[in-house]
Amino acid sequence: MSTYSLFITGTDTGVGKTLATACLTALLNESGVNTIPYKPVQSGGIATAAGLLAEDVLFYQDVCSLPYTQSQLCSYCLEPAFSPHLAARETGVHIEPAHIHTQFHQLARSHDVVLVEGAGGLAVPVAETDSGLYMTTDLIRELHLPLLLVTHAGLGTINHTVLTVEYARSYGLTVIGLLVNQMPAVPTIMQQDNIRMIEKLTGVPVLGTIPELTDASPSGVRQALPDLTQHIQLETILQKIKA
Ligand SMILES: Nc1ncnc2c1ncn2[C@@H]1O[C@H](COP(=O)(O)OP(=O)(O)OP(=O)(O)O)[C@@H](O)[C@H]1O
Ligand SMILES: [Mg+2]
């Protein structure tokens with residue numbers, strides 16, 4: 001069991017979990033904390049002659065120059081861009097939670113921090129068998145991971161953020177903080193108030209923002225990293241995941 005790792009979830013698919021995971025990995029490694037990202041299940045794998053490529057893992061590797069193969073950072077890469085349970089069923093893959101546990105623990109043994117990126121949001125089925133559903137929340141609970149919730153400052157965020165935090169709590173999970181992605185340089189009154197309101201309604205602090213980047217490619221993200229240290233409370237995140 002690792003109490004020094006973190007599950008990165010989001011209010012929805014595409015909210016910026018991969019970009020946030022890559023930034024946190026790079027910043028933590030730069031500050032001397034040996035950190036590795038891990039994507040248990042990637043759907044929407046890119047078919048190539050060399051096999052399926054996991055887009056999120058490629059992004060981590062590009063931003064952070066990680067000396068690992070895809071299979072070390074991702075347990076299941078599935079081609080259909082569906083929820084993992086359906087992508088697996090459609091391709092005849094059996095997702096085995098025990099395999100994910102083993103891989104996570106291997107990474108946790110050799111690193112200070114493992115940043116585990118979920119697929120989509122929190123209410124996502126990982127696998128469906130005759131004995132029932134295995135949900136993302138089951139995985140998080142079994143791995144004893146606290147959560148960091150990636151969200152945004154725009155319209156709809158109050159509803160999505162509050163629902164996700166309450167859903168997490170209903171499964172006994174702890175959200176240590178919110179990370180507001182794609183934060184405009186000059187937030188509108190609505191965006192400022194949305195941030196105030198998500199903190200107030202959830203009681204969960206915003207532990208960082210990631211600016212809206214004009215270039216969100218891996219090289220653009222690498223260039224933005226020095227500036228990000230001012231926007232992300234790395235020390236607080238570390239203290240909360242060590243607790
Ligand atoms: N701060 C940002 N500035 C500009 N573009 C961003 C930012 N964050 C994310 N994006 C863009 O939004 C898209 C989705 O981001 P990302 O892949 O990180 O989301 P995700 O939550 O990991 O999605 P998935 O659920 O597919 O794993 C990407 O095309 C990315 O380039
Ligand atoms: Mg992603």
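What is the volume of the largest pocket? It's about 440 Å³.

Before we go in, some housekeeping. This is a predicted model, where local features need pLDDT of at least 70 and side-chain atom pairs count only at pLDDT 80 or more, while totals for chains, interfaces and linings use all residues. Residues are numbered from 1 along each chain as its sequence is written, chains are lettered from A and ligands numbered from 1 in the order in which they are written, and side-chain values use heavy atoms, with hydrogens and water left out.

Okay, the pocket. By that I mean an open set of points on a 1 Å grid over the protein atoms alone, with protein on both sides within 12 Å along at least five of seven lines; lining residues have an atom within 4 Å of a point. Points are joined across faces, edges and corners, and the volume is the space filled by probe spheres set on them. There are 25 lining residues, and T13, G14, K17, K39 and D56 are the closest to the centre. They divide into nine nonpolar, eleven polar and five charged. Here Ala, Val, Leu, Ile, Met, Phe, Trp, Tyr, Cys and Pro count as nonpolar, Asp, Glu, Lys and Arg as charged, and the others, Gly among them, as polar. At least two lining residues come from each of α1 (17-30), β2 (35-42) and α2 (55-64). Those labels are DSSP runs numbered from the N terminus: helices are H or I with at least four residues, strands are E with at least two.

Now, ligand 1. It has 18 residues around it, the closest being T13, K17, T18, N181 and L213; a residue counts if one of its heavy atoms lies within 4 Å. Let's look at some polar contacts, meaning pairs of N or O atoms within 3.5 Å; within protein, one must be able to donate a hydrogen and the other to accept it, and residues adjacent in sequence count only if both atoms are side-chain atoms. K17 puts a polar side-chain atom 2.7 Å from an oxygen atom of ligand 1. G14 uses a polar backbone atom, 3.1 Å from an oxygen atom of the ligand.

T18 is buried at 13% relative accessible area, and D56 is buried at 12%. Buried means under 20%, exposed over 50%, and partly exposed in between, with a 1.4 Å probe and protein chains only.

There's also one cavity of 30 Å³ or more, a set of points where a 1.4 Å probe fits but cannot get out. The largest cavity holds about 80 Å³ of space. Its lining has eight nonpolar, two polar and no charged residues, including F7, P40 and V41.

S65 has a positive phi near 50 degrees without being a glycine, and it's exposed at 60%. Q182, in strand β10, has a positive phi of about 55 degrees and isn't a glycine either.
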